[in-house]
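Hi,

Here is the structure I promised to pass on. Have a look at it first, and then read my notes below.

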Amino acid sequence: NHTNAGSIAEIRTALADGKTALIAGGTDLVGTLKDNILRDYPLTVINLKPVPGLNYIKEEKGILKIGAATRLADIAADATIRKSYTALAQAASRVASPHIRDMGTIGGNISQLHRCWYFRKPENRFDCKRKGGNSCFAMTGDNRYHSIFGATAGCIAVNPSDTAPALIALDAKVVTDKREINAEDFFDVRQPGNTVLEQGEIITEIQVPAPLKGAKSAFIKFALRKSIDFPIVNCAVMVGGKDPRICLNAVAPKPYRAIKAEEALDGKKINEVSASAAGEAAVADARPLTAAKFKVQIAKTLVKRAILAAV
Ligand SMILES: Cc1cc2nc3c(=O)[nH]c(=O)nc-3n(C[C@H](O)[C@H](O)[C@H](O)COP(=O)(O)OP(=O)(O)OC[C@H]3O[C@@H](n4cnc5c(N)ncnc54)[C@H](O)[C@@H]3O)c2cc1C
Ligand code: SF4
C-alpha cells in the first residue's frame, strides 16, 4: 500500500502500528524494499512530501531553517546557503546525480541506511548484526570501504551521508515532531537504522545557526566516480569563527568529528603547515583493517584540503 499523508499527525498515527514506513524522496527506501534486504517488510509506505509546510529554505533571526522535505537540488542551488553555509551547499551538490538530488530530501539524506554490501545483499542473504543476527560478515570478508576507526555495536559499516558532516561542522540542529537534537548527537548505530530517532519520530526541520563573522566552511568528497557515487571519504570544516569544527564521514559507523584536528588547528594561522598538521591529527586514532588502510591517507588529505579550501 502507498498513501499520501496530509499532516504530521496523520503520519504519526500511521507509523504507530510498526508496520508502516515513511517515504520522502524514496531514493534510498525504495531500493531497500525492492531488494528485500531487511527481515521485516512494511505493509504500507506513507508519503511525507504532500504534507504542507515541510519544503522551504528561509533565514529567521540568524538561523537558517530548512524543511525536512526540501530537495537536495534546492539546497545546492540556494544563493544564501551557497554564500553563508557553503559546506552544506557543496555537500548537497555532490550527492549522487541530478535526478537523485531532485528526488532526495535532506531528511532522507541524514536518515539513509548504510551501504555495506553484505547488509544490502537482496533477499536478506546476510542476516548480520545490524539485522539482529550474530555475525558481521564484513569483519572477515571484503571491508575495503568500511570503517577506519573500528566497530560500533559490532558493525564496521560507515555512515554514507554527504550532508551529515556539513551539518555537524556547521553546528546544526535536527528538529523532530518531539524534540531538537544537535546534529552531532543525531547519528547512532541501531538495528538497522543510523539515527537516534525513536520508532515513529519524524524530522520536521533542520536549523543551522548563521556562522560567526569571519567563519567560512567547505566540503570535499573523494569518490571513485565523479558523476554518481557514494563517498569513500568526505570532510566538512568550518574555520575562522570561534573554534574550528571538522567532521569526516564514511570513515566510521557514525560521522566522525575530528576533535584532535580541531585542537591542532585552534589558534593557528591557516596555511599549508597548519592544515597538514590538522590532517595528521585527524587520523591519529585510525585503526583500519588491512583492506581499508588506503582510506587513512585520503582522510588525512581531505582534512587538509577542506581547511585550505575554506579560507
Ligand atoms: C544510486 C544512488 C546513489 C546515491 N549516492 C549518494 C551520495 O553520493 N551521497 C549521499 O549522501 N547519498 C547518496 N544516496 C542515498 C540517498 O538516497 C540520498 O542521498 C537521499 O538524500 C535520500 O533521501 P530521500 O528523501 O530519497 O529518502 P527516502 O528514501 O525517502 O528515505 C530514506 C530513509 O529516511 C527516512 N526518512 C525520510 N524522511 C524522513 C523524515 N522527515 N523523518 C524521519 N525519517 C525520514 C525514511 O523513512 C527512510 O528510512 C544515493 C542513492 C542512490 C540510489
Ligand atoms: S559491517 Fe555492519 S552492516 Fe556490514 S555485515 Fe557487518 S554488521 Fe552487517
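Let me start with helix α11 (residues 272-282) and helix α12 (residues 294-310), whose axes come within 8 Å and cross at roughly 145°. Axes here are lines fitted to C-alpha atoms, for helices over the stretch in contact, and angles run from 0 to 180 degrees between N-to-C directions. Helices (H or I, at least four residues) and strands (E, at least two) are DSSP runs, numbered from the N terminus. The crossing of α11 with α12 is right-handed, meaning that the near helix is turned clockwise from the far one by less than a right angle.

On the α11 side, the contact (heavy atoms within 4.5 Å) is made by E272, A275, S276, A278, G279, E280 and A282. Together they divide into 6 nonpolar, 2 polar and 4 charged residues; Ala, Val, Leu, Ile, Met, Phe, Trp, Tyr, Cys and Pro count as nonpolar, Asp, Glu, Lys and Arg as charged, and the others, Gly among them, as polar.

Before going on, a word on the source: this is a predicted model, where local features need pLDDT of at least 70 and side-chain atom pairs count only at pLDDT 80 or more, while totals for chains, interfaces and linings use all residues. Residues are numbered from 1 along each chain as its sequence is written, chains are lettered from A and ligands numbered from 1 in the order in which they are written, and side-chain values use heavy atoms, with hydrogens and water left out.

**Around the ligand**

Ligand 1 is surrounded by 32 residues (a heavy atom within 4 Å), and L22, G26, T27, T105 and N109 are the closest. That shell splits into 16 nonpolar, 11 polar and 5 charged residues. Helix α7 gives the largest share, 4 residues, and β2 (20-23) supplies at least two.

There are polar contacts too (pairs of N or O atoms within 3.5 Å). Oxygen atoms of ligand 1 lie 2.7 Å from a backbone N or O atom of A24, 2.8 Å from a polar backbone atom of G25 and 2.9 Å from a polar side-chain atom of K221. The protein covers 89% of the 970 Å² of accessible area (Shrake-Rupley method, 1.4 Å probe) that ligand 1 has on its own.

Most residues other than glycine have a negative phi, and most peptide bonds are trans. N36, in the loop between α2 (29-34) and β3 (44-47), has a positive phi near 50°. The peptide bond from Q191 to P192 is cis, with omega near 0°, and P192 sits in the loop between β7 (180-182) and β8 (203-209).

Cheers

Key. Polar contact = N/O pair within 3.5 Å; in protein donor to acceptor, adjacent residues only side chain to side chain.
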